[in-house]
Amino acid sequence: MSSQTITADAAGTWKLGDLPVHRLGLGAMRLTGSAAFHLGTPSDRDRSIAVLRTAIDLGVNHIDTAAFYFSSLRSANELINSALAPYPDDLVIVTKVGPYRTWSGEWGTSARPEDLRAHVEENLRQLGRDHLDVVNLRRMPTYDSIAEHFGALADLREAGLIRHLGISNVEPRHLAEAQAIAPVVCVQNRYALDHPDPATDALLRICGEQGIAFVPFYAVAGEGGERGATTAHDEEVRAVARAHGASPTQIRIAWALHQGPHMLAIPGTGNPDHLVENVAAGAIRLTDGELERLNAPRTKGS
């Protein structure tokens with residue numbers, strides 16, 4: 001398919017609280033290197049900045065990032081700040097807190113509730129902002145309940161450091177737990193065509209019923225996870241891709257967007273050409289028959 005003139009508005013829009021965004025955004029993790037978290041080669045800085053500026057030119061107004069997105073040479077937040085500040089009025093930057101990495105890149109002890117203000121302030125400093133548009137609490141395995149951590153972020157929201165709150169890596173019960181404390185505008189969970197998870201399917205449905213954005217991570221990476229996009233596309237994906245003159249990756253993005261109007265895709269890349277292709281995926285319209293075909297391996301045996 002032709003991708004040169006397709007912009008992010010082709011995917012439609014949704015609101016994160018009172019902030020309208022195009023449903024096709026950009027994940028910043030891949031800007032730092034060939035794989036996340038020191039697992040690959042650090043990126044070329046000029047190329048990563050070009051990706052960010054191209055994203056804005058293509059109408060992307062939703063960027064997902066975190067202070068712990070860095071490689072041995074690159075920081076996603078620093079790249080965003082350098083490339084885009086002063087920021088466009090309609091740009092929504094979403095960050096997340098909870099995990100912690102030392103400056104050497106090693107994973108440290110995840111944040112306690114009293115640590116979260118420092119995590120928020122570090123994102124503010126790196127991004128050059130006086131408030132954060134949306135902050136997701138990433139639930140870590142070290143805590144089952146999110147009430148205390150989410151409550152700490154709710155206090156920072158009341159103090160004006162955060163505009164809206166979201167949650168990540170959660171189950172339906174955590175959404176209810178958070179909503180008893182403060183409004184939730186988005187949920188981030190692992191979700192992909194080749195990664196079925198009944199609990200996350202239920203959460204996707206609940207978010208749709210309540211008008212909450214659902215933002216999948218690793219939707220393109222699949223089982224590749226933090227090492228990058230998968231190349232293990234099954235024949236159903238490849239066949240639908242051929243029918244649309246598209247790449248398998250574009251079909252994976254389109255499939256995600258077809259899971260509901262509240263689904264916001266944030267495929268990450270450090271490659272300007274891949275960015276153009278990813279944004280173009282927002283214009284792909286899959287038929288009911290194609291969706292059934294794509295879902296067949298996913299639902300087999302369920």
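**View 1. Fourteen residues line the second largest pocket, with Ala 67, Tyr 100, Arg 101, His 119 and Glu 122 nearest its centre.** A quick note before going on: this is a predicted model, where local features need pLDDT of at least 70, side-chain atom pairs count only at pLDDT 80 or more, and totals for chains, interfaces and linings use all residues. Residues are numbered from 1 along each chain as its sequence is written, and side-chain values use heavy atoms, leaving out hydrogens and water. A pocket here is an open set of points on a 1 Å grid over the protein atoms alone, with protein on both sides within 12 Å along at least five of seven lines, and lining residues have an atom within 4 Å of a point. The volume of this one is about 230 Å³, counted as the space filled by probe spheres set on the points, which are joined across faces, edges and corners. Helix H3 (116–127) and strand S5 (92–97) each give at least two residues to the lining, and H3 has the largest share, with five. Helices (H or I, at least four residues) and strands (E, at least two) are DSSP runs, numbered from the N terminus. By type, the lining splits into eight nonpolar, three polar and three charged residues. In this scheme Ala, Val, Leu, Ile, Met, Phe, Trp, Tyr, Cys and Pro are nonpolar, Asp, Glu, Lys and Arg are charged, and the others, Gly among them, are polar.

View 2. Cys 186 is buried at 2% relative accessibility, and Cys 207 is buried at 0%. Buried means under 20% relative accessible area, exposed over 50%, and partly exposed in between (1.4 Å probe, protein chains only).

**View 3. Asp 194 and Arg 252 meet in a salt bridge, 3.1 Å from N to O.** Asp 194 sits in the loop between strand S8 (186–190) and helix H6 (198–210), and Arg 252 in helix H8 (residues 248–257), so the pair ties together parts that are 58 residues apart in sequence. Arg 252 is buried at 2%, while Asp 194 is partly exposed at 30%. A salt bridge counts when a side-chain nitrogen of Lys or Arg is within 4 Å of a carboxyl oxygen of Asp or Glu. The whole structure has 15 of them.

**View 4. Inside helix H6, Glu 209 and Arg 205 are four residues apart, about one turn of the helix.** Their side chains form a salt bridge (3.1 Å, N to O). Glu 209 is exposed at 56%, and Arg 205 is partly exposed at 46%.

**View 5. Phe 37 and Tyr 69 belong to one aromatic cluster with Phe 68 and Trp 107.** The structure holds eight aromatic pairs. Phe 37 and Tyr 69 make a tilted one, 6.3 Å centre to centre with 55° between the planes. Rings of Phe, Tyr and Trp (its six-membered ring) pair if their centres lie within 6.5 Å; planes under 30 degrees apart are stacked, over 60 edge-to-face and the rest tilted. Phe 37 is buried at 13%, and so is Tyr 69, at 8%.

Technical notes
On a 1 Å grid over the protein atoms alone, a cavity is a set of points where a 1.4 Å probe fits but cannot get out, and a pocket is an open set with protein on both sides within 12 Å along at least five of seven lines; lining residues have an atom within 4 Å of a point.
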